[in-house]
Protein chains: 2
Amino acid sequence: MKISDLGEFGFIDRVASSFQGLLKEGFTGIGDDCAVLPKNESQVLVVTTDMLAEDVHFYRSKISARELGFKSLAVNLSDIAAMGGKPESSFLSLGVPADTDISWLDGFFDGYRELSLKENVMLCGGDTISSDRIVINVTIIGSAEKSLLRMRSMAAPGEIICCTDNLGDSAAGFRILQQDLAGGEDENFLVRRHHCPVPGVAEGQWLARRRGVRAMIDISDGISSDLRHILRASSVGASLDLERIPLSRQLRSVSERHQWDPLDLAVNGGEDYCLLLTVDSGEFENISAAFEETFRRPLTAIGGTDDMAGDLRLFLNGKQVRCNGSGFHHF
Amino acid sequence: MKISDLGEFGFIDRVASSFQGLLKEGFTGIGDDCAVLPKNESQVLVVTTDMLAEDVHFYRSKISARELGFKSLAVNLSDIAAMGGKPESSFLSLGVPADTDISWLDGFFDGYRELSLKENVMLCGGDTISSDRIVINVTIIGSAEKSLLRMRSMAAPGEIICCTDNLGDSAAGFRILQQDLAGGEDENFLVRRHHCPVPGVAEGQWLARRRGVRAMIDISDGISSDLRHILRASSVGASLDLERIPLSRQLRSVSERHQWDPLDLAVNGGEDYCLLLTVDSGEFENISAAFEETFRRPLTAIGGTDDMAGDLRLFLNGKQVRCNGSGFHHF
């Protein structure tokens, strides 16, 4: 059997269960956006790590060194955000060909530093090796109040599912790069959203302080996949109203131009790196109003949880639809 | 300018200085075996990360999956050991080709788990990606008593330099693999020392509790290189008496067979992953006797520090020698 037969999540389950027995009390290992480790009386550490490889996650010819440095840190910060954590230190391992120009590396570190400064994260260590293609690994250690931690497992039936930003821009940006369609203003906006995602660190900490906010996750694989992690961890079901998913003007216009289904990109695309969360239905109105006042962006309700454990249903204008790989169709 | 012109340490200095301004009080970043972060009143966190790439650090055809899993964790544990820390959690990112057989991965995780169990370290998270060659990144978080931490900068003139194990075995094992000389019992012993280094975690913690023990580092690049890190960080000089360097019977015998200079392998080889430390000269006798009683291995004095800041001198049977790439020669 090959690893491709098992799939990423099948493989992670296999590893997680074989190491489960080693976990001591107070430690939460594989299975959420971050691991949770004891720190002191009131706080825990939240830790995440991600690897990016050339020609798998990015093409060196399509992303600038500065953008790549920025994005390498951003995707990890997003995992810290999803726990309601405050990022503190980062560790960067970088494999590059020996003939890499120093100016490329300076650009990479400029982008990494720009976001480090913005989010007040210290680069505390790392490793540099020579490798034939670029490979990047970032680990971030953050902290969180034990009582404010938000896990995938904290959803219950009857809650409102919402997201903190427009969805689908990044996936459209990636498609624009793949199909060499960049150049127009809207296209470039979407490519930028793909290359320089803005992690919701402040939003995550703000949301974690609201009692009505329950489960959180960041959207890295697309809401259909990421929401399933919440459903599985919380043993709840969900339905989504696709027409409520927030889409940018640029995504709508570029999708129309190229006859793409923007909802397909929004639901199945991924790499949005905003937050997906469930909120107590009685508190949603207050929380979303305060969120919009604070962040000048809406917290958009896109569906709700129910007791049909593990089951995800999609509705478009009130009619149930399914996704067959080329958009959404009625049953 | 290329990164190869700058060299690994030149590049690290460049990055470290450009991120230095971000460091908050209580945090120590790039420049020792581990970063040091605040944990609670009495304890600090020690964190290290290392990347290993196929065809750079290992050849898939020469190392078993199990050995590679073991070694990936071992080289990081050795950095924790060098600070006198207690490893607690590990984070593993693994890039493998999509057609990798699950049996290879099971072997890798068996080796990783074997050492995790032995050293009581939890695997708490990670990432899996597909990549054309194997690439491994391990981050370990450990803890240490703030007052017992041992840094590269803690040496002073007049101390005794010593090491906790034989040197050169691993470098000889690597040469045996490169030259396809494996097969004999002694050769296989040396290859095993290269593939399954035993990190000195218990030794590091034990040594950190002795007041007479000052600077510590693990030997990853070879004592001539690693000792220079201590000299630089502590602003001291050193002389080494090469004939006192502990060499295994197997290294002596294989070196004789192939007309290798075992001292060259011991001084310039690297990947020994034992500890190099300086000890107060008045306390060396007591500490080394207790070390031998506890670990059934000698703590071997191989030289001393002095006030000739940054200067390293090598002596062989009382005569100063220099290394010209093919062994040691009198001036």
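The model is predicted: local features need pLDDT of at least 70, side-chain atom pairs count only at pLDDT 80 or more, and totals for chains, interfaces and linings use all residues. Residues are numbered from 1 along each chain as its sequence is written, chains are lettered from A in the order in which they are written, and side-chain values use heavy atoms, without hydrogens and water.

**Exercise 1.** Describe how α5(A) and α8(A) cross.

*Solution.* 
1. Helices are DSSP runs of H or I with at least four residues, and strands are runs of E with at least two. Here α5 spans residues 185–195 and α8 residues 249–258 of chain A.
2. Their axes (lines fitted to C-alpha atoms over the stretch in contact, with angles from 0 to 180 degrees between N-to-C directions) come within 9 Å and cross at roughly 120°.
3. The two helices are therefore oblique to each other; this class holds the angles left after under 35 degrees (roughly parallel), over 145 (roughly antiparallel) and 65 to 115 (roughly perpendicular).

**Exercise 2.** Determine the strand order of the open sheet in chain B and its edge strands.

*Solution.* 
1. Strands pair if DSSP finds at least two bridges between them. The five strands have the order β1-β2-β5-β3-β4, with mixed pairing.
2. β1 (35–38) and β4 (122–130) of chain B each pair on one side only, and are the edge strands.
3. Inside the order, β3 (residues 86–96) and β5 (residues 135–145) of chain B run antiparallel, joined by nine bridges. B:K86 has B:S143 of β5(B) as its bridge partner.
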